[in-house]
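Subject: Structure handover

Hello,

Please find the structure below. The notes on what was found in it come after.

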Amino acid sequence: MEHEIEEVPYDEQRLRDADPDGLYLFMLEPYPYMMTPDQVADFTGSTGQEIRKLLNRGDIQGCRIGIKWCIPKLGLLNYLNKNRKAVDEIGDEEAQVRQTV
């Protein structure tokens, strides 16, 4: 008895919305949609152990299947852009302070 594994479609628009400046999507093309911590580490230049720590703290969205973690590209993009938004907001606040001085 053979089982066919069917590719599950994902929402391309949600991926584009999560990367509004298009900084990451083209670099993520070679990776599967559901990435391992080691693949995320390869992409980000960190270690698999550091990615697992982020997953355990809930900083990156992912799911655990048995003992293995899976991170969807959307979860990674949300994490990367969340940090960018925080930096952008700090920059905006500093610019507003400069204008009032």
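Accessible areas come from the Shrake-Rupley method with a 1.4 Å probe, and for residues only the protein chains shown count as cover. On that basis the protein exposes about 7600 Å², of which carbon and sulfur atoms supply 52%.

This is a predicted model, in which local features need pLDDT of at least 70, side-chain atom pairs count only at pLDDT 80 or more, and totals for chains, interfaces and linings use all residues. Residues are numbered from 1 along each chain as its sequence is written, and side-chain values use heavy atoms, with hydrogens and water left out.

Overall layout. There are five helices and three strands, in the order α-α-β-α-α-β-β-α from the N terminus. These elements are DSSP runs numbered from the N terminus: helices are H or I with at least four residues, strands E with at least two. Of the 101 residues, 28% are buried (under 20% relative accessible area; exposed is over 50%, partly exposed in between; 1.4 Å probe, protein chains only). Among contacts (heavy atoms within 4.5 Å) with a separation of 6 or more, 48% join residues 24 or more positions apart.

Core. The largest nonpolar core has 20 residues, and Leu28, Phe43, Ile51, Ile60, Ile71 and Leu76 touch the most other members. Such a core is a set of buried Ala, Val, Leu, Ile, Met, Phe, Trp, Tyr and Cys residues joined through side-chain atoms within 4.5 Å. At least two residues each come from α1 (12-18), α3 (37-44), α4, β3 (68-72) and α5; α5 gives the most, with five. Leaving aside neighbours within four places in sequence, Phe43 is in contact with Tyr24, Met27, Leu28, Tyr31, Leu76 and Leu80.

Helix α4. In α4 (residues 48-57), Gly48, Ile51, Leu54 and Leu55 are buried. Seen down the helix axis, the buried residues fall within an arc of 120°, so they line one face of α4; the arc is that of the directions from the axis to the C-beta atoms. The face turned away from the buried side carries the exposed residues Gln49, Asn56 and Arg57. Gly58 follows α4 and has a positive phi, near 85°.

Lys73. This residue is found in α5 (residues 73-100). Lys73 is buried yet has no salt bridge (a side-chain nitrogen of Lys or Arg within 4 Å of a carboxyl oxygen of Asp or Glu). The nearest side chain of opposite charge, Glu12, is 7.4 Å away; Lys and Arg count as positive, Asp and Glu as negative, and His and the chain ends are not counted. Beyond neighbours within four places in sequence, Lys73 is in contact with Leu15, Leu28, Glu29, Tyr31, Pro32, Tyr33 and Met35.

Regards
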